[in-house]
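Trainee: I would like to learn how to read a model of this kind, feature by feature. Where do we begin?

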Amino acid sequence: MKIAVLKEGADGERRVAATPETVKKFIQLGAELAVEAGAGTDASIADQAYRDAGAAVVDRATALAGADIILGVQGPDPASLAGVKPGAWLAAGLNPFGERARVDAYAAAGIEALAMEFMPRITRAQSMDILSSQSNLSGYKAVLDAAGEYGRAFPMMMTAAGTVSAAKVFVMGVGVAGLQAIATARRLGAQVSATDVRSATKEQILSLGAKPIFVENVAGIEGEGSGGYATEMSAEYQAAQAELVSAHIAKQDIVITTALIPGRPAPRLISDAQVATMRAGSVIVDLAVEQGGNVEGAVPGEVVVRHGVKIVGHRNVPSRLAADASALFSRNLFNFLSAFWDKEQGRPVLDEEIGDAVRLTRDGKVVNARLLQ
Ligand code: NAD
């Protein structure tokens, strides 16, 4: 059983899909590890650290030759996988809806592509869930990015020269990233409020010491769809939400938006007119900018200024914390593959529930139900 770890090829991607820690653990399971030279450099992991852990550090072609499982953070360019043996697994964040042509190419190459972001949100798969581990770091980093752009302090400070008032932070979308954003902003001493379409989040907001801001008494109010994800809301709800947000947002210094709907463009939560009501020097961080954006005017990869308000649209926020993001991503991959390790066969054998959820391609075809709908 040979496992190949690739150097990421996407622009700005600094993470790596295995660390010396997970390399050692795979070797203990009986696997042979081949790491592409330089794979960990941007995540502060030297080639020598992989060698010390027992991996061979080699060029890409040597890593891929005879590999049974290929690990990546993002899906590699299919053209760079020439020579991979048919039936090899590719386990990575494959962005199946956004990179459909690549999925087809993996199928054509006979690769069994496993999309880690399709891991079901069930208790036993929590330790395998890249969306959670990476979103958690994004939520944290979003607050630090906001603090970095903000020309004022977060906590209230009473000094001999006078008092600095606490920043008001509003978090929109209270999933994994939003919860961490609330917690981080609170730790920095901000006054925090938050909203979501799922009413179950109210308790969570309160438990973190923040104030829930919710639309009440409107038809179609329960925004919880299958698997705990949000659904698209009724027109009546959206109008009520826009009104509530308008009143609230004008009083905020920092807004962090994280709202996503699986398989759909991100919902638009803040219009340009609403941005204009915020005071100059305020900061908005749009974590959904790569999925279409929650904020009108947000630009992927840029910090733009609209009406004196900075709108931060960093791409690939987890990659901005490459060392920790790689450590958690790598553990997710190890937890996934080791949970299904069949000692007799010396390789993982997936069960139906998780296998069918994550498997995109097999035997030359696209087989995933979410892609065939
Ligand atoms: P997500 O990234 O899909 O979306 C972020 C948040 O945006 C969600 O809370 C969503 O409700 C919210 N949102 C969507 N549209 C909105 C709108 N118009 N206005 C305001 N908010 C809006 O969410 P996520 O972080 O992936 O979490 C989704 C669910 O999965 C949650 O219920 C979470 O608790 C659950 N979860 C379960 C597990 C597990 O059991 N393994 C792991 C992680 C998350």
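This is a predicted model: local features need pLDDT of at least 70, side-chain atom pairs count only at pLDDT 80 or more; totals for chains, interfaces and linings use all residues.

Trainee: In which sense do strand 5 and strand 6 pair, and over how many bridges?

Mentor: The general idea is that strands of a sheet pair through backbone hydrogen bonds, either parallel or antiparallel. Here strand 5 (residues 89-93) pairs with strand 6 in the parallel sense, over four bridges.

Trainee: What is the strand order of the open sheet formed by six strands?

Mentor: The order is 3-2-1-4-5-6, and the pairing is parallel. Strand 3 (56-58) and strand 6 (112-115) are the edge strands, each pairing on one side only. On average, neighbouring strands in this sheet are turned by 25° against each other, direction ignored.

Trainee: What is the order in the open sheet of seven strands?

Mentor: That order reads 11-10-9-12-13-15-14, with mixed pairing. The edges are taken by strand 11 (211-212) and strand 14 (303-306); each has a single partner strand, so one side of each is left without a neighbour in the sheet. The partner of strand 11 can be read from the bridges: strand 10 (residues 191-195) pairs with strand 11 in the parallel sense over two bridges. Alanine 194 is the residue opposite proline 212 in strand 11.

Trainee: Which strands pair with strand 13?

Mentor: Strand 12 runs parallel to strand 13 and is joined to it by four bridges. Valine 255 stands opposite isoleucine 284 of strand 13. Strand 15 also pairs with strand 13 in the parallel sense, over three bridges, and there valine 285 is opposite valine 312.

Trainee: Are the faces of strand 13 covered or open?

Mentor: In a regular strand the side chains alternate between the two faces of the sheet. In strand 13, Val283 and Val285 lie on one side, Ile284 and Asp286 on the other, and all are buried, so both faces are covered.

Trainee: How many residues does helix 5 have, and how far apart are its end C-alpha atoms?

Mentor: Helix 5 (residues 130-149) has 20 residues, which at 1.5 Å a residue should span 28 Å; the end C-alpha atoms are 28 Å apart, in agreement. Of these 20 residues, 15 are buried, so the helix is mostly covered. Helix 5 lies across strand 12 (254-257), strand 13 (283-286), strand 14 and strand 15 (309-312), and runs at about 150° to strand 13.

Trainee: What does helix 6 reach from its first C-alpha to its last?

Mentor: Helix 6 (residues 176-187) has 12 residues and reaches 17 Å, close to the 16 Å expected. Its buried residues include Ala177, Leu179, Ile182 and Ala185. The buried residues of this helix pack against helix 5, strand 9 (168-172), strand 10, helix 7 (201-207) and strand 12. Just after helix 6, glycine 189 has a positive phi of about 95°.

Trainee: Now the loops. Is aspartate 129 buried or exposed?

Mentor: Count the C-beta neighbours. Aspartate 129 has 21 inside 10 Å and a residue needs 20 or more, so aspartate 129 counts as buried. Aspartate 129 sits in the loop between strand 6 and helix 5. Leaving aside neighbours within four places in sequence, aspartate 129 is in contact with Met119 and Asn332.

Trainee: And is glycine 346 buried or exposed?

Mentor: Glycine 346 has 12 other C-beta atoms within 10 Å, and 12 or fewer means exposed. Glycine 346 belongs to the loop between strand 16 (341-342) and strand 17 (347-348). Beyond neighbours within four places in sequence, its contacts are Met1 and Gly30.

Trainee: Which domains does the assignment give for the chain?

Mentor: The domain assignment gives domain 1 as 2-128 + 322-363 and domain 2 as 136-320. Their C-alpha centres lie 33 Å apart. Nine residues from domain 1 and eight residues from domain 2 make the contact. On the side of domain 1 that touches domain 2, three residues are nonpolar, one is polar and five are charged.

Key: Residues are numbered from 1 along each chain as its sequence is written. The expected span of a helix is 1.5 Å times one less than its number of residues. Domain bounds come from an automatic or database domain assignment. Two residues are in contact if their C-beta atoms, placed from the backbone, lie within 7 Å. Ala, Val, Leu, Ile, Met, Phe, Trp, Tyr, Cys and Pro count as nonpolar, Asp, Glu, Lys and Arg as charged, and the others, Gly among them, as polar. Two strands pair if DSSP finds at least two bridges between them. Axes are lines fitted to C-alpha atoms, for helices over the stretch in contact, and angles run from 0 to 180 degrees between N-to-C directions.
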